[in-house]
Amino acid sequence: MANIIPRGTTIPAKKSQIFSTSQDHQSTVSIQVFEGERPLTKHNHNLGKFDLTGIAPAPKGVPQIEVTFEIDENSILTVTATDKGSNKKESIEIKDHGTGRLSQEQIEQMIKEAEQQSEADKAIKAKIDAKNSLENYIY
């Protein structure tokens, strides 16, 4: 999981990061949006998901997918994914007062759990990073 807009960032804010495909000839990528403090998505709260389709067939890691997170002064989060090769775009808008959002108490609990599990999370993330590095080396 990539932390694009860290907690405490002044809003409005806009940040982007480039991602790519994980398989050869992948024509679709799924963008999932989470809120939370932990490095694994299973420990965070899913806000939404969308697919960017029509990516030109290429070896894994070649397509350039720019994902932009923009949060405005009304706490509306817009996430846009753009295939740099074809300029195809998809996006999702997530409103602060939407259903399924966490309460302030739930957010505080998640922050507390992240602090308590920090060392264990670092070990798990290091293991995952090592596995991914090995797989990329073998590829």
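Reader: How many bridges join β5 to β6, and which way do the two run?

Author: β5 and β6 run antiparallel, and 6 bridges join them. Two strands count as paired if DSSP finds at least two bridges between them. This is a predicted model, in which local features need pLDDT of at least 70, side-chain atom pairs count only at pLDDT 80 or more, and totals for chains, interfaces and linings use all residues. Residues are numbered from 1 along each chain as its sequence is written, and side-chain values use heavy atoms, with hydrogens and water left out.

Reader: What stands opposite T82?

Author: K89 in β6 stands opposite T82.

Reader: And what about N87 in that hairpin?

Author: N87 takes a positive phi near 65 degrees. The hairpin of β5 and β6 has 5 residues between the strands.

Reader: Stepping back, how many helices and strands are in the chain?

Author: The chain has 2 helices and 6 strands. From the N terminus on, the elements run β-β-β-β-β-β-α-α. Helices (H or I, at least four residues) and strands (E, at least two) are DSSP runs, numbered from the N terminus.

Reader: What box do the C-alpha atoms fill?

Author: A box of roughly 45 × 35 × 25 Å, taken along the principal axes.

Reader: How much of the chain counts as buried?

Author: Of its 139 residues, 27% count as buried. Buried means under 20% relative accessible area, exposed means over 50%, and partly exposed is in between (1.4 Å probe, protein chains only).

Reader: OK, the inside. Which residues have the most contacts in the largest nonpolar core?

Author: V33, L77 and V79 have the most contacts inside that core, which has 18 residues. A nonpolar core is a set of buried Ala, Val, Leu, Ile, Met, Phe, Trp, Tyr and Cys residues joined through side-chain atoms within 4.5 Å.

Reader: Which elements give two or more residues to this core?

Author: β2, β3, β4, β5 and β6 do. The largest share, 4 residues, comes from β4.

Reader: What does V79 touch?

Author: Not counting residues up to four places away in sequence, V79 touches I31, V33, F50, V67, T68, F69, E90, S91 and I92. Contact means heavy atoms within 4.5 Å.

Reader: Where is K14 found?

Author: K14 is in strand β1, residues 13–19. At 57% relative accessibility, K14 counts as exposed. With residues up to four places away in sequence not counted, K14 touches T68, F69 and E70.

Reader: How far apart are K14 and F69?

Author: In sequence, 55 residues; in space, 5.6 Å, C-alpha to C-alpha. Across the chain, residues 24 or more positions apart account for 58% of the contacts with a separation of 6 or more.

Reader: Changing topic: how many salt bridges does the structure hold?

Author: The structure holds 7. A salt bridge is a side-chain nitrogen of Lys or Arg within 4 Å of a carboxyl oxygen of Asp or Glu. In one of them, the side chains of R38 and D121 meet at 2.7 Å, N to O.

Reader: Which parts does that pair tie together?

Author: R38 lies in the loop between β2 (28–35) and β3 (45–53) and D121 in helix α2 (residues 118–138), so the pair ties together parts that are 83 residues apart in sequence.

Reader: Is that pair buried or exposed?

Author: R38 counts as buried, at 10% relative accessibility. D121 is buried too, with a relative accessible area of 6%. Leaving aside neighbours within four places in sequence, D121 is in contact with R38, P39 and H43.

Reader: Where do the side chains of E66 and K84 come in?

Author: They meet in a salt bridge, 3.5 Å from N to O. E66 lies in strand β4 (residues 65–71) and K84 in the loop between β5 (77–83) and β6 (89–94), so this pair ties together parts 18 residues apart in sequence. E66 counts as partly exposed at 23% relative accessibility, and K84 counts as partly exposed at 46%.

Reader: Last one: which residues make the nonpolar surface patch of about 410 Å²?

Author: L134, Y137 and I138 make that patch. Y137 lies in helix α2 and counts as exposed, at 72% relative accessibility. Patches are made of residues with over 30% relative accessible area and no salt bridge: like charges are joined within 9 Å, nonpolar side chains (Val, Leu, Ile, Met, Phe, Trp, Tyr) within 5 Å.

Note on methods
Accessible areas come from the Shrake-Rupley method with a 1.4 Å probe; for residues, only the protein chains shown count as cover.
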